Amino acid sequence: MKKTVFILLCFSQAVFAQHKNKIPPKVPLEKQIEHSFTEEELLNDALKGSKWYFDLKNYDQTKLSFDKDKVKPDILYFVDAKNFQISINQKNCKSLIKGTYQIMKKMEEPTSTPVRYHSFKITSPYQKCVAKLSDFLWSDLDISLNEAKQVIEMKAIEDVPPITLPGF
């Protein structure tokens, strides 16, 4: 009798031990803080449906310029007010990068960008031949559209380390 009770007790403990409270899955950092901007603060509506041309050979990892010159082989296409795609047509690299974008307008008064804000979020799988360009797009960018809306310039914003004084 003692053996039966002991076996039932062990069995019940094993059964109840497997019923743990479910822990909700962790939300990625990109999804935790969603930035909501008004349409007046974004260039998305002005850019949607437009095609911009560039040459990946001229990319120097700190600055990239796009214009309306169709002779250049690579294309940045703003599909709609949220999505973009980049077609790379180089001799040694044919690739397609897709993702979403939110490009803030330049304001006269200095504004601080929200934490973890990035203009471009790439949703397509990693591709080795465009890895440097993808890293550039993921970085903090200063994006400007000229007044004639003929040139877009993207510059990487370098993080400036804080100034420290001896003794402080």
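Glutamate 153 is partly exposed, with 23% relative accessible area. In this predicted model, its side chain meets that of lysine 63 in a salt bridge, at 3.9 Å from N to O. Glutamate 153 belongs to strand S8 (residues 151-156) and lysine 63 to strand S2 (residues 63-67), so the pair ties together parts that are 90 residues apart in sequence. Lysine 63 is partly exposed as well, at 35% relative accessibility.

**The chain as a whole**

- The chain contains 4 helices and 8 strands.
- Along the sequence, these elements follow the pattern α-α-α-β-β-β-β-β-β-α-β-β.
- Of the 168 residues in the chain, 27% are buried.
- Among contacts with a separation of 6 or more, 50% come from residues 24 or more positions apart.
- The chain has an accessible surface of about 12,800 Å², and carbon and sulfur atoms account for 57% of that surface.

**Salt bridges**

- The whole structure holds 3 salt bridges, one of which is the pair of glutamate 153 and lysine 63 described above.
- Another salt bridge joins the side chains of aspartate 45 and lysine 48, with an N to O distance of 3.9 Å.
- Aspartate 45 is partly exposed, its relative accessible area being 38%.
- Lysine 48 is also partly exposed, with a value of 44% for relative accessible area.
- Lysine 72 and aspartate 67 form a salt bridge in which the closest N and O atoms are 2.7 Å apart.
- Lysine 72 counts as partly exposed at 24% relative accessibility.
- Aspartate 67 has a relative accessibility of 18% and therefore counts as buried, since buried means under 20%.

**Aromatic pairs**

- The structure has 3 aromatic pairs.
- One of them is formed by phenylalanine 54 and phenylalanine 66, in an edge-to-face arrangement.
- The ring centres of phenylalanine 54 and phenylalanine 66 are 4.8 Å apart, and there is an angle of 70° between the planes.
- This pair links distant parts of the chain, with phenylalanine 54 in strand S1 (residues 51-54) and phenylalanine 66 in strand S2, 12 residues apart.
- Phenylalanine 54 and phenylalanine 66 are both buried.

**Charges over rings**

- Lysine 68 has its charged end over the ring of tryptophan 52, at 4.1 Å from the ring centre.
- Lysine 51 places its charged end over the ring of tyrosine 77, and here the distance to the ring centre is 5.4 Å.

- Serine 124 is found in the loop between strand S6 (120-122) and helix H4 (131-138).
- With a relative accessible area of 17%, serine 124 is buried.
- The side chain of serine 124 reaches the backbone nitrogen of lysine 98, at a distance of 3.2 Å.
- Leaving aside residues up to four places away in sequence, serine 124 touches Leu96, Ile97 and Lys98.

How values were computed: Residues numbered from 1 in each chain as written. Predicted model: local features only at pLDDT ≥ 70, side-chain atom pairs only at ≥ 80, totals over all residues. Heavy atoms only, no water. Salt bridge = Lys/Arg side-chain N within 4 Å of Asp/Glu carboxyl O. Buried < 20%, exposed > 50% of the residue type's maximum accessible area, 1.4 Å probe, protein only. Helix = DSSP H or I, 4+ residues; strand = E, 2+ residues; numbered from the N terminus. Polar contact = N/O pair within 3.5 Å; in protein donor to acceptor, adjacent residues only side chain to side chain. Contact = heavy atoms within 4.5 Å. Phe/Tyr/Trp six-rings, centres within 6.5 Å; stacked < 30°, edge-to-face > 60°. Lys NZ or Arg CZ within 6 Å of the ring centre and 35° of its normal. Areas by Shrake-Rupley, 256 points an atom, 1.4 Å probe, with all protein chains shown as cover.
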